[in-house]
Amino acid sequence: MDNLLTLLIDGLNYASWLFMVALGLTLVFGVLKILNIAHGSFYALGAYAAASFVGWAASMKFAPWMSLVAMLLAAVAVAVAIAPVTERGLLRFFYGRDEVLLVLVTYALFLVMEDLTKLIWGANPYFVSEPYGLFGSVDLGQMSYVGYDFALVGLAVVSGLATWWALNRTRQGKIVLAVIHSAEMASSMGVNVSRVYTLAFGAGVFLAAVAGAFTAPMISVQPGVSVGVVVLSFAVVIIGGLGSIEGAAIGALLVGLARSVAVHMAPSAELFVIYAVMAVVLVFRPEGLFQRIQARKI
Amino acid sequence: MKAILEANGVAKRFGAVVAASDINVKVGPGERVGLIGSNGAGKTTFVNMITGYLKPDEGQIKLAGTDITRMKPRAISALGVARSFQIPQLFGDLSVIDNMLVALACHASRSGFLRPARDPLAVDQAEELLQRFRLHHHRSRRVGELPGGVRKLLDIAMALTARPKLLLLDEPTSAVAADEKFQMMETIMSALKEDPDTPVLFVEHDMEIIERHATRVIAFYSGRIIADDAPQAALAQDDVRRYVTGELATE
Amino acid sequence: MNTTINANASRQAPAFLSPRVLAYAVGTFALLAVAGFHAPTWLTYLITIAAGNALVSIGIVGLMRGGVVSFGQGMFFAAGGYGAVLLFTRFGWTDALVLSIAGGGVALLLALPFAPLLARYRGIFFATLTLALSMVTYGVLMKVPELGGSDGFSIGRPTLLGERLDGASGSYRLYLLTIAFALGMGLLARVNFDSPNGLVTLAARDNELRVEYLGTSVRRLMGVNFLLAAFCGGVGGALVVISLGHVEPGFSYWTTSGEFVFVAILAGYRSIPAVFVASVMLEIVRSFSSAYFPNTWQLALGLFLLLIIRFLPRGIGSLWNREERK
């Protein structure tokens with residue numbers, strides 16, 4: 001049964017990573033109705049920024065746990081630097097146009113950011129490995145797991161709950177929910193919809209950057225990171241239902257477990273499995289598991 | 001006189017709401033039938049059942065002898081039922097002439113690839129219809145830019161490309177300025193004069209237009225037909241005056 | 001019913017392709033053939049690849065006219081490429097012309113089971129389902145050893161009418177073959193777009209409901225468009241692979257599909273030559289950037305795409321097709 005435990009734990013770890021990545025994407029779609037391809041780029045930016053900030057913290061001989069603070073600051077920096085400029089300087093011009101057109105705009109943004117990251121950080125990989133050892137290791141059964149992975153699970157849960165709480169239990173959040181439901185109605189009730197958009201987009205970028213920053217120690221931060229993240233986050237969000245946080249959580253768990261099963265029992269199917277689940281959901285329940293918008297025309 | 005449209009014992013219910021009940025109608029060639037009744041009385045339900053968009057719970061609908069009750073909308077359209085829409089359903093990005101050509105292309109035979117869409121024969125047919133509706137001078141304009149009255153006329157012209165056996169007009173003069181209404185109905189009716197045998201059913205709220213242009217009036221109330229007669233006679237009936245035109249107060 | 005307003009009503013319907021269009025096509029071929037003979041090999045090679053890629057984008061344009069954007073045409077590009085390679089290595093089919101058409105056929109077969117499904121989707125869901133399917137294909141291609149795994153396959157030089165296409169003269173003949181296919185399929189696309197199905201496709205993009213009420217099945221239309229796009233993608237894939245000499249799973253990755261979409265957007269759906277021009281532009285930017293500014297070609301592409309979307313939303317084709325109401 002150790003194998004089963006490993007499988008489940010691996011699945012859970014991967015699911016947390018996926019959820020962190022997908023949360024921002026589904027939020028942005030829910031509010032702005034934009035399926036943001038550049039979301040993967042924001043993730044990558046978070047990871048790169050974390051690499052820089054953590055490296056800087058290390059060179060200043062700060063305590064090891066300060067690297068966590070550095071990561072958080074990196075995410076904040078990315079959100080502050082990128083979100084307002086992108087939303088106000090670019091996306092705003094295309095609101096109200098065809099949803100696929102907006103996808104293309106974010107695709108163009110993705111292309112631009114790919115190279116910008118390369119220009120700033122170069123093409124060589126960064127390894128932010130020191131923080132990975134911060135939480136030691138956890139022994140379960142016969143296997144030893146990295147504590148950091150579990151900490152990430154905790155972070156995923158916290159992010160999800162915080163987002164949910166912010167939307168459903170705060171006044172500002174209720175306003176955002178109103179805009180999600182109908183921007184036109186909300187606007188006619190006096191809500192500053194454009195400010196909500198900026199806020200929501202900023203939150204989306206921040207969440208993507210947080211995901212990138214805190215998972216940087218687990219990957220090699222290099223060009224191309226964003227590319228894989230795009231499809232994975234899409235898969236999770238589609239499965240769960242565009243715009244749904246619970247959906248993103250369930251989707252992440254499903255995909256995480258599916259991948260874990262594949263890795264442990266049929267390794268050659270690993271890549272295939274994730275996209276296959278996405279395709280299957282799209283075929284049988286294209287709205288996703290938690291969605292009300294109509295996907296099929298006829 | 002062979003009936004073009006026949007409805008026998010048609011009924012339709014939506015849960016507790018009776019949308020149609022005991023509908024018996026026979027429409028022959030050349031008739032101009034006005035369908036009147038207040039909102040929710042059953043006129044649109046009736047039209048939608050003829051076009052196949054709704055299926056009756058009971059009864060039968062026949063087109064020129066063929067039972068179309070259970071047929072799919074596209075099949076019914078292929079048999080010769082055409083309709084226009086209250087809010088004109090057009091192709092806004094295309095020109096007027098292209099809208100007509102699309103309509104013609106949709107009715108074309110299976111050989112969808114053998115002739116270009118803008119084949120001169122098709123263009124001639126399209127232009128001829130546009131002439132009838134006095135839309136010819138708009139032919140190259142983009143439909144999205146056209147005023148409401150022109151759009152309504154185009155909507156009807158497109159329905160006619162099918163050379164239908166039965167034409168259904170859903171509120172042809174609604175959303176048109178009061179002073180334009182009569183002119184528009186004149187244009188429509190004179191355009192239809194070229195097809196004197198095709199029966200036309202039109203949903204209409206303006207009784208003056210009904211009196212002027214209909215050869216027959218069917219009045220609906222609560223899903224039932226309360227009058228089916230020549231316009232003067234139908235409009236004089238107490239029930240019609242009570243439940244449709246509002247001349248008599250209801251209890 | 002009063003018939004003739006126009007006394008010419010009884011004249012013969014013209015053929016789809018006017019003599020003028022055919023003359024342009026033949027003239028362009030002659031021009032490109034002569035130019036290619038004198039041009040440096042890197043240029044003819046670039047145009048060969050661009051022409052093959054453009055075929056995939058023509059398929060996307062066909063779908064865009066119906067109002068949907070496919071983010072997964074890489075799947076059919078790959079199908080054509082892998083099809084050509086497998087037929088070459090396993091069955092000994094070496095003729096380039098046959099391989100190209102066969103590549104289209106393989107892609108068509110792959111598309112067949114999915115066409116009825118995809119015909120029911122629009123917007124984001126069409127885009128993401130096509131993306132998902134192409135990524136599944138990628139996953140399969142990466143992991144199945146019989147299909148070459150992550151390394152893919154190589155293909156030797158094909159033959160044409162019996163002769164092996166070796167060396168510089170062989171490359172030149174491949175160039176001629178590719179542009180001949182490009183022109184030929186471009187003409188066929190023109191025929192399709194001018195046909196009743198083509199016009200009704202444009203209408204469906206605008207108002208599907210009315211098309212249905214006018215008696216045409218939009219689902220069937222979209223399905224047919226999808227199959228045609230797949231065929232184009234397959235032919236393009238086969239042609240590119242034959243010139244490239246190699247095929248690998250990346251052909252089906254979403255970023256490859258994205259580039260085909262980029263070209264289609266850049267070109268717009270009003271002019272077929274624009275698609276080839278746009279594809280050549282992409283190849284030129286790609287080649288020069290890799291050589292001189294390796295870290296900026298995607299930046300250039302992205303900015304370019306944004307400019308086009310913002311200022312020329314109907315693509316570069318609208319620059320010379322402004323009057324036409326297609």
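This is a predicted model: local features need pLDDT of at least 70, side-chain atom pairs count only at pLDDT 80 or more; totals for chains, interfaces and linings use all residues.
Chain A as a whole has a mean pLDDT of 87, and 97% of its residues reach 70 or more. Among the elements of the chain, the highest mean pLDDT, 93, belongs to helix 8 of chain A (residues 193–215), and the lowest, 80, to strand 1 of chain A (residues 137–140).

Chain A contains 11 helices and two strands. Read from the N terminus, the order of these elements is α-α-α-α-β-β-α-α-α-α-α-α-α. The radius of gyration of chain A is 19 Å, close to the 19 Å given by the globule rule for 298 residues, so chain A is as compact as a globular protein of that length. Taken along the principal axes, the box filled by the C-alpha atoms of chain A is roughly 60 × 45 × 35 Å. Of the 298 residues in chain A, 51% count as buried. Contacts in chain A also reach across the sequence: of those with a separation of 6 or more, 75% are between residues 24 or more positions apart.

The next point concerns how the chains meet. Two pairs of chains are in contact, and chains A and C are the pair that shares the most contacts. Chain A and chain B, by contrast, are joined by no contact, and their closest C-alpha atoms lie 13 Å apart.

Between chains A and C, 37 residues of chain A are in contact with 37 residues of chain C. On the chain A side, two or more residues come from each of helix 4 (99–121), helix 9 (225–240) and helix 11 (270–284) of chain A. Helix 4 of chain A gives the largest share, with 16 residues. Sorted by class, the side of chain A that touches chain C has 30 nonpolar residues, six charged residues and one polar residue.

Chain B also meets chain C, with 34 residues of chain B in contact with 30 residues of chain C. Helix 2 (73–79), helix 3 (96–107) and helix 4 (120–132) of chain B each supply at least two residues to the side that touches chain C. The largest share here, seven residues, comes from helix 3 of chain B. By class, the side of chain B that touches chain C comprises 15 nonpolar, 12 charged and seven polar residues.

Strand 1 (residues 5–14) and strand 2 (residues 17–27) of chain B run antiparallel and are joined by seven bridges. In this pairing, B:L5 stands opposite B:V27 of strand 2 of chain B. Two residues lie between the strands of the hairpin, where B:G15 takes a positive phi near 65 degrees.

Positive phi values also occur in chain B in residues other than glycine. One of these is B:R134, with phi near 55 degrees. B:R134 sits in the loop between helix 4 and helix 5 (148–160) of chain B. This residue counts as partly exposed because it has 15 C-beta neighbours inside 10 Å, a count between the limits of 12 or fewer for exposed and 20 or more for buried. Another is B:E171, whose phi is near 50 degrees. The loop that holds B:E171 runs between strand 7 (166–170) and helix 6 (178–192) of chain B. B:E171 is buried, because 20 other C-beta atoms lie within 10 Å.

A further arginine of chain B, B:R132, has its place in helix 4 of chain B. B:R132 has 23 other C-beta atoms within 10 Å and is therefore buried. Leaving aside neighbours within four places in sequence, the contacts of B:R132 are with B:A191 and B:E194.

Notes: Residues are numbered from 1 along each chain as its sequence is written. Chains are lettered from A and ligands numbered from 1 in the order in which they are written. Two residues are in contact if their C-beta atoms, placed from the backbone, lie within 7 Å. Helices (H or I, at least four residues) and strands (E, at least two) are DSSP runs, numbered from the N terminus. Ala, Val, Leu, Ile, Met, Phe, Trp, Tyr, Cys and Pro count as nonpolar, Asp, Glu, Lys and Arg as charged, and the others, Gly among them, as polar. Two strands pair if DSSP finds at least two bridges between them. The radius of gyration is taken over C-alpha atoms; the globule rule is 2.2 Å times the number of residues to the power 0.38. pLDDT is the predictor's confidence in each residue, from 0 to 100.
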